[in-house]
Amino acid sequence: MSTMFLRSLLLPLICVLALATWSHGLSRGQQRPSSLDAASNTLQYHGGPLLTKPNGINVYLIWYGGFSLKDRNSITDFFASFASPGRRQGPSVSTWWRTISTYKDKTGKPVSDTVRLVKQVGDVYSSGKTLKRAQLANFVKSKIESKIFPLDPNGIYLVLTAKDVTVERFCMGSCGFHDSILVGGSTRVVFAHVGDPTVQCPGLCAWPYALPAYGPPGPALVAPNGIGTDGMIINMATLLAGAATNPFKTGYFQGDALAPLEAVTACPGIFGAGAYPGYPGALLVDKMSKASYNAYGANGRKFLLPATWDLIRLNCKVIT
């Protein structure tokens, strides 16, 4: 396997709430709502491949540990929402992805315009409840080599871990990561991990539906699908965008290739118009449940999706 490189899905907003340095970050954010280096003012393209197949990005999902049927249904409905705008008119998961599909490779091919869940399998703690990142990589590789999953160079192999599973670096400043592995000696594929933060770090990895240990007082927002599940969906959306536009650390990013700012992580903590550190921005609110969201999905679902870096307008774009 190739040397592991960090694809930490950081949420700087949460960490910054505990630090005095955020006052400086806020002043810069008022001028330009992103964390990008002012010298370049955009994500740099480094000439490498993106996930561009016209038939879409296939997701191969491993449920590691115990997940409730409710949580599974919410997450599979999220993936179904890339193809379905939902029953209502308005912002949707599929329209959110349109900004990502404006990213193009050196030949002018855009990122695939849809994402679809094509196969999913369960695993009940076959490797225990404490995992290293290298174990996740080998876990995915074994699923491909045993023909449980096909070898798909335009796919994303996603491992979701349950709330009682501890993964290296998860909840230690990271809510997930994406990387790549070599399979069959010649084909490199993308894999990713997202954990359920319900027990271990809801304030870090499910904000704004849970409050950080150190931050301003006030109630958390109501989650439409559950705190842990909605935290996972936010982080999955972030990683899907990063993996599609920077799958092999040679795509679109700024900064260190081992800890890059990518299509979503360049816009930390921004979900709606007028966002600033500690405030996610103006969101839609369900009249009955009081849940906050910004996108409609399949089967009547409502989701909260992060802002994405707009390469054309050179700013963080929130879904509208």
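Helices H4 and H7 cross in a right-handed sense, meaning that the near helix is turned clockwise from the far one by less than a right angle. The model is predicted: local features need pLDDT of at least 70 and side-chain atom pairs count only at pLDDT 80 or more, while totals for chains, interfaces and linings use all residues. Residues are numbered from 1 along each chain as its sequence is written, and side-chain values use heavy atoms, with hydrogens and water left out.

H4 covers residues 93–100 and H7 residues 227–245; their axes come within 11 Å and cross at roughly 35°. Axes here are lines fitted to C-alpha atoms, for helices over the stretch in contact, and angles run from 0 to 180 degrees between N-to-C directions. Helices (H or I, at least four residues) and strands (E, at least two) are DSSP runs, numbered from the N terminus. On the H4 side the contact (heavy atoms within 4.5 Å) is made by Trp-96, Trp-97 and Ile-100, and on the H7 side by Ala-237, Leu-240, Ala-241, Ala-244 and Thr-245. Seven of these residues are nonpolar, one is polar and none is charged; Ala, Val, Leu, Ile, Met, Phe, Trp, Tyr, Cys and Pro count as nonpolar, Asp, Glu, Lys and Arg as charged, and the others, Gly among them, as polar.

Strand E8 (residues 187–195) is joined to E7 by eight bridges, and the two run antiparallel. Gly-176 stands opposite Val-194 in this pairing. Three residues lie between the strands of the E7 and E8 hairpin, where Gly-184 takes a positive phi near 70°. E5 and E8 run parallel and are joined by six bridges, with Val-159 opposite His-193. E8 is mostly covered, seven of its nine residues being buried (under 20% relative accessible area, with exposed over 50% and partly exposed in between; 1.4 Å probe, protein chains only).

Conventions: Pairing = 2+ DSSP bridges.
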